[in-house]
Amino acid sequence: MIQPADLPDTIAVFPLPGALLLPRSRLPLHIFEPRYLQMLEDTLKTRQRLIGMVQPCPGPNGQGEDLHAIGCAGRVTQFSETEDGRYLVTLSGVSRFRVTRESGGFAPYRRCDVSWAGFERDLGRTEADAALDRPSFLNLLERFFTARSLSTDWEALKEAEDELLINSLAMLLEFDPEDKQALLEAPCLATRRETLVTLIEFALRGGSQEETLQ
């Protein structure tokens, strides 16, 4: 398990719109662009094997591509190479971070200096949501899934721990990148659940998102 003292000051970042990684969750990635293949190869040479997932956003006046201030770092815990040189990777969420500045260098991918301050609880124990009304929450999910013609294992949802249930839904349901960012930045599990409920209720009222499971 990674300790706070092990977290580096600079990490490689992977700007991927709509892709959300949360602490203690797992995100599968398909890496094939040459610059990100290089990023993975370089990351595997480090002790921590961390990659920062971060949402891109338009730069000033719509020029270029900036990064949101907060992302989440994941440790490469599984990877396999295909015959044509692509990688199938699993990142295990470690901790959120705040971008302090984008660092230069000769790498073809982006690297950032980051601060881990304020996210100490990400390295702690699994969170619970004491205020979660599970029957009401599952009823809302059932209405949402029915409206979108989605299917799921309802028994598994009923038995899942609070954090696994809420974080998995936050990661798997398709929302706009800005909504994903709000889910990422939620200070605690209860706030993330409240944000998730708001997004689902908005969609059920005819919002613009077309939520489907990835």
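Which side chains meet in a salt bridge at 3.0 Å, N to O? Here are my notes.

1. First, the ground rules. This is a predicted model, where local features need pLDDT of at least 70, side-chain atom pairs count only at pLDDT 80 or more, and totals for chains, interfaces and linings use all residues. Residues are numbered from 1 along each chain as its sequence is written, and side-chain values use heavy atoms, with hydrogens and water left out.

2. The pair asked about is Arg96 and Asp122. A salt bridge here is a side-chain nitrogen of Lys or Arg within 4 Å of a carboxyl oxygen of Asp or Glu, and the structure holds 11 of them.

3. As for where that pair sits, Arg96 is in strand β7 (residues 87–103), while Asp122 lies in the loop between β8 (110–115) and α2 (134–147).

4. Now look at Asp113, whose side chain meets that of Arg101 in a salt bridge at 2.9 Å, N to O. Asp113 belongs to strand β8 and Arg101 to strand β7, 12 residues apart. Asp113 has 15% relative accessibility, so it counts as buried.

5. Arg110 also has a salt-bridge partner, Glu102, with their closest N and O atoms 2.8 Å apart. Arg110 counts as buried because its relative accessibility is 19%, whereas Glu102 is partly exposed at 39%.

Definitions and conventions:
Helices (H or I, at least four residues) and strands (E, at least two) are DSSP runs, numbered from the N terminus. Buried means under 20% relative accessible area, exposed over 50%, partly exposed in between (1.4 Å probe, protein chains only).
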